[in-house]
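Colleague: I'd like to learn how to read a model like this one. Could you take me through a few features, one at a time?

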Amino acid sequence: MDWKIFLTVFGAVFVAELGDKTQLATLLFAADKDVSKYTVFLAASAALIVASAIGVLAGSLVADYLNP
């Protein structure tokens with residue numbers, strides 16, 4: 001694993017996600033006293049993983065047709 005790339009991607013995505021609609025929606029779901037915080041965390045994490053997987057797949061497909 002290339003740690004420099006890992007940290008660059010992590011930092012960029014982390015800063016991009018701060019204060020966005022995803023974080024605000026997760027905050028609102030977690031504020032409900034009748035909802036398990038673990039369920040909210042797992043669901044939000046799974047959604048971000050799937051969205052990231054779509055981004056990686058799309059990027060790899062685009063790279064087949066365009067020169068970076």
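Colleague: Where is the place of Lys21?

Modeller: Lys21 sits in helix H2. A helix here is a DSSP run of H or I with at least four residues, and helices are numbered from the N terminus. Keep in mind that this is a predicted model: local features need pLDDT of at least 70, side-chain atom pairs count only at pLDDT 80 or more, and totals for chains, interfaces and linings use all residues. Residues are numbered from 1 along each chain as its sequence is written, and side-chain values use heavy atoms, leaving out hydrogens and water.

Colleague: Is Lys21 buried or exposed?

Modeller: You judge that by relative accessible area with a 1.4 Å probe and protein chains only: under 20% is buried, over 50% is exposed, and in between is partly exposed. Lys21 is exposed because its value is 73%.

Colleague: How many residues lie between two positions in sequence, and what is their gap in space, say for Lys21 and Ser45?

Modeller: Lys21 and Ser45 are 24 residues apart along the sequence, and their C-alpha atoms are 14 Å apart. Phe41 belongs to helix H3 and is exposed, with a relative accessible area of 55%.

Colleague: What about Phe14 and Ala43?

Modeller: Those two are 29 residues apart in sequence and 18 Å apart in space, C-alpha to C-alpha. Phe14 is in helix H1, which covers residues 3-17, and it is partly exposed at 45%.

Colleague: Now the rings. How many aromatic pairs does the structure hold?

Modeller: First the idea: a pair of aromatic rings is described by the distance of the centres and the angle of the planes. Rings of Phe, Tyr and Trp (its six-membered ring) pair if their centres lie within 6.5 Å; planes under 30 degrees apart are stacked, over 60 edge-to-face, and the rest tilted. This structure has three such pairs. One of them joins Trp3 and Phe6, which are edge-to-face, with 5.3 Å centre to centre and 70° between the planes.

Colleague: Where do Trp3 and Phe6 lie along helix H1?

Modeller: They are three residues apart in H1, so about one helical turn separates them. Trp3 counts as exposed at 54% relative accessibility, whereas Phe6 is partly exposed at 38%.

Colleague: And what kind of pair do Phe10 and Phe14 make?

Modeller: Phe10 and Phe14 are stacked, because their ring centres are 5.7 Å apart and their planes meet at 10°. With four residues from one to the other in H1, they too are separated by about one helical turn.

Colleague: Last one: what volume does the largest pocket have?

Modeller: About 590 Å³. A pocket is an open set of points on a 1 Å grid over the protein atoms alone where a 1.4 Å probe fits, with protein on both sides within 12 Å along at least five of seven lines; lining residues have an atom within 4 Å of a point. Its volume is the space filled by probe spheres set on those points.

Colleague: Which residues are closest to its centre?

Modeller: Of the 21 lining residues, those are Val13, Glu17, Ala44, Ser45 and Leu48. Helices H1, H2 (21-31) and H3 (37-65) each give two or more residues to the lining, and H3 has the largest share, with nine.
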